[in-house]
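Here is a friendly walk through one model, with a few backbone details and packing features to look up as you read. Please keep the viewer open beside the text.

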Amino acid sequence: MKNYQKIQWRMLALLLVLGSMILVIVEAMPPPNPVQCTQTGCTLSNSYGVWSDRKDCHVTSAVYPTSEEELRSAVADANRRKLKVKVVSRFSHTIPKLACPSPGSTMLISTERYNTGIEVDVANLAVTADAGVGLRELIDRVEEEGLSLVAAPYWEGVSVGGVISTGAHGSSWWGRGGAVHDHVIGVRLVVPAKESQGFARIVDLKGGDPLLNAAKVSLGMLGAISKVTLLLERGFKRSIRYNFTSDVGIEDEFMDHAQKHEFGDIQWYPSLHTAVYRYDDRVPVNATGDGVNDFLGFQSNLAIISKSVRASEKAVEKARNVNGKCILASSFLSYKKLTANGLKNSNNLKIFTGYPVIGRQGKMQTSGSCLYSPQSNTATSCAWDPRINGLFFFESTAIFPAKKFPDFVHDVRKLRDIVKSESFCGVDMYNGFLIRFVAKSGAYLGQSENSVVVDFNYYRADDSSTPRLNGDVWEEIEQMAFFKYGAKPHWAKNRDVAFFDVQKKYVDFGKFVEAKRFLDPTNVFSGEFSDGILTGKGVPASVKGDGCALEGECVCSEDRHCSPENGYFCRNGSVYGEARVCRYSSSSIS
């Protein structure tokens, strides 16, 4: 019977891989608009359709300025009427509720239509763009002038204002580093003002102004970003090659890898004992190659494929059978190796023919092809599009001081040895542990030293009361990262527990709070989640309810915080003894 089940899972994995191979040129249904309004008000969603607390974000009204003056008028109107305000873009990819204003009389300011201004200053190697300009539009315009933007996140579905607000990044310790905000040299903000000043004013922050260090990563708390100015470099190309190899020695090799390869990263698949080193280097603009980075995870997917993967995960979870996840993880990794994880040697042929893949910086630094298509196409979409009931997952991202990262890797290895490798198949179905590098930053909410960023995605249930297979493993790793090693959370990702005591992890947090009080003294740009970050109260929840630990709203201290009726009880971690996790047991007795 077990052999028959394995055959079934392998056949399913093969079908899913074949389905993905069909989608070489297929376009996808674009993501839904995050702001939906009726006569009674508006609702704000993120791109996954569900916030971290699963509660809707209701807003009284939404406005869509098209110019800086209209943006100033919107802020002035909100301030005059004593409304609470948040700014949102066309994309809304933030997982925590940073973009949701405090309850009451509220306003959303969408930059969706404030998206046309892009001024390239070739002589001074700089570009200034409206806050709502999409990253892809910005990059393409810069490349037209023979220049390149050095840093960008791997996902291009972000706006200029959004990409700097939450510390979005690529991977690099070189130069100014891999975080986009560290390439910012100017920000124009619209902030509340006195009645005598028209209730709103524009502040133009440039290099040397200490407020710029607050505005570079502002979490939307200081005001409405109007325009951003970024440094550029002369155009260049990149050469990329992936090395699929053993995971032995990651903790010893990561430093050398980051120092040798300007844009390098590492993917670690613990259950498969595999590491994938990305050798990613700058080459001259006249190097031969017209390659494209079209990352597999951001390509169009047939809705039926995404639904099938989700249905398979749910079936495995219900049956408490990890073999299916392991077979899928192994098959997906093999497909990534076959297709170079989405690299294509030619922009015209759109296929991978061999290493190295060389292409313009603008075509290699970021991707997101599932974003672009007519609304009429409903057969394909981004894999996580909430309208198709496809992939649904948690996304945890921990930022470690480089010196602490090796010990974290050692602990994860110990945990893998104790609980068995199969327990890690759930994360390896996605991208394993994605390890990237960000440099020391002057931003108050940036990194105070060269750091290592670790991302991992894992299954999230359809409802908050359903526990997860091997959920204790991910809870222990989460607490190990954020509590034992003091990792900082990525501002736009993570479950609530990652933000516990976050104020104490930033040496310049006090300076950021001072900037907030100066620019927004009446707290117009207010939200429950963002206010909780400022005050340290309410994130995570101070009042623990039944099942709160299952979704990271709390750390369990009693069995009821887990799911005792389903056999999940609050227990100590297996390696990090101070962790408290929801572990499955046939008996309530430890």
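This is a predicted model: local features need pLDDT of at least 70, side-chain atom pairs count only at pLDDT 80 or more; totals for chains, interfaces and linings use all residues.

## Two backbone details

Let's begin with His273, which sits in the loop between strand S15 (265–269) and strand S16 (274–283). Helices (H or I, at least four residues) and strands (E, at least two) are DSSP runs here, numbered from the N terminus. Phi of His273 is near 50°, a positive value in a residue other than glycine.

Another loop worth a visit lies between strand S19 (343–344) and strand S20 (357–360), and Pro356 is found there. The peptide bond leading from Tyr355 into Pro356 is cis, its omega being near -5°. As background, most residues other than glycine have a negative phi, and most peptide bonds are trans.

Residues are numbered from 1 along each chain as its sequence is written, and side-chain values use heavy atoms, with hydrogens and water left out.

The protein chain has an average pLDDT (the predictor's confidence in each residue, from 0 to 100) of 93, and 93% of the residues reach at least 70. Over residues 21–25, pLDDT stays under 50, and the model has 8 contacts (heavy atoms within 4.5 Å) for them beyond four places in sequence.

Three strands, in the order S1-S2-S3, form an open sheet with antiparallel pairing. Strand S1 (35–38) and strand S3 (57–59) are at the edges with a single partner strand each, so one side of each has no neighbour in the sheet. On average, neighbouring strands of this sheet are turned by 25° against each other, direction ignored.

Strand S2 (residues 41–44) pairs with S3 in the antiparallel sense over 3 bridges; pairing requires at least two DSSP bridges between two strands.

## Packing of H10 and H12

Helix H10 (residues 405–419) packs against helix H12 (residues 471–484) at an angle of about 160°, the axes being 11 Å apart. Axes are lines fitted to C-alpha atoms over the stretch in contact, and angles run from 0 to 180 degrees between N-to-C directions. H10 and H12 are therefore roughly antiparallel to each other, a label for angles over 145 degrees.

Technical notes. Angles under 35 degrees count as roughly parallel, over 145 as roughly antiparallel, 65 to 115 as roughly perpendicular and the rest as oblique.
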